[in-house]
Amino acid sequence: MSEAQRVLLVTGGSRGIGAAVCRLGAKAGYRVVVNYTANKAAADALVAEIKAAGGDAFAVKGDVGSEADILAMFESVDRTYGRLDAFVNNAGIVDAKARVDEMSVARLERMMRINVVGSILCAREAVKRMSTRHGGKGGAIVNISSAAAVLGAPDNYVDYAASKGAIDTFTVGLAREVAAEGVRVNAVRPGIIDTDIHASGGQPDRVALIQDTLPMKRAGTADEVAAAVLYLLSDAASYTTGAILNVSGGR
Ligand code: NAP
């Protein structure tokens, strides 16, 4: 791996969609930084897998709900690789199925802190390193939104849907803000994707229960989302910014 090789940082890169982005990014030739918050074993296993395939990667623990952790994460990228070319704002959470009239302020603040404030702070740090205004060489950011931003997720998690609506608006605004500074900002809106996130929100059977109602009669895979993310990060998307790409199987 040479110093000239591009560097990709993925928040929540240890499992699910983030891990698929890390794997595909390594295959595309990026040196990969795998962020995780709790499951060190999964992050270490992914780094080992990338290295065994001839790539370069390291794992960094950090909660995107904490500004101090975000700063430390970006500083570890500076120290180890000394550059940042591509950044994916992927870490995100859902909470238990609930109606809005049942939601506590603690739940809402956690949802917005991790999904919205964390994503904006991470993008701030990425822009500081990529933007020509700050002496950077340019770069690309992809935010992971959700089809929920459009559908609203009634009776499930309207708070989550609202957090992803904020990501859509943030994507358009930041894209225009830094368009003349060499930084492209886009988003991907996955539909129902078969990952652990449904179990972590207390609905382990969500994919099985819902798949027959989906236009393609199946959930998507993390790899199918990762392919869209890698396209938006790549030079093939050099005139694409402020775009929000549905990867939702027509949902
Ligand atoms: P997942 O399988 O639950 O994986 C979540 C990843 O994020 C893990 O690597 C986890 O780390 C990490 N993470 C969780 N909280 C974090 C925090 N506070 N700080 C840093 N990392 C954190 O999730 P996923 O399904 O791949 O979802 C990834 C993104 O896609 C999310 O933004 C989600 O909203 C979005 N999305 C998913 C779907 C879907 O159906 N799966 C649909 C639409 C949008 P640990 O391994 O350490 O726990």
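Select Gly-12 and the ligand: a backbone N or O atom of Gly-12 lies 3.3 Å from a ligand oxygen atom. This is a predicted model.

Next, select Asn-39. Here too the backbone is involved, with an N or O atom 2.8 Å from an oxygen atom of the ligand.

Then go to Tyr-160, where the side chain takes part: one of its polar atoms lies 2.6 Å from an oxygen atom of the ligand. The ligand on its own exposes 910 Å², and the protein buries 94% of that area.

Show the pockets, if your viewer can draw them. The ligand sits in the largest pocket.

Now select the shell itself. There are 31 residues around the ligand, and those that come nearest are Ser-14, Ala-38, Asn-90, Tyr-160 and Thr-195. Coloured by residue class, the shell shows 13 nonpolar, 14 polar and 4 charged residues.

The last stop is Ser-131. Look for Ser-131 in the loop that runs between helix H4 (105-130) and strand E5 (139-144). Is Ser-131 buried or exposed? Ser-131 has a relative accessible area of 0%, so it counts as buried, the cut-off being under 20%.

Note on methods:
Residues numbered from 1 in each chain as written. Predicted model: local features only at pLDDT ≥ 70, side-chain atom pairs only at ≥ 80, totals over all residues. Heavy atoms only, no water. Near = heavy atom within 4 Å. Polar contact = N/O pair within 3.5 Å; in protein donor to acceptor, adjacent residues only side chain to side chain. Areas by Shrake-Rupley, 256 points an atom, 1.4 Å probe, with all protein chains shown as cover. 1 Å grid on protein atoms, 1.4 Å probe; cavity = no way out; pocket = protein on both sides within 12 Å on 5 of 7 lines; lining within 4 Å. Sits in = over half its atoms within 2 Å of the grid points. Nonpolar A, V, L, I, M, F, W, Y, C, P; charged D, E, K, R; others polar. Helix = DSSP H or I, 4+ residues; strand = E, 2+ residues; numbered from the N terminus. Buried < 20%, exposed > 50% of the residue type's maximum accessible area, 1.4 Å probe, protein only.
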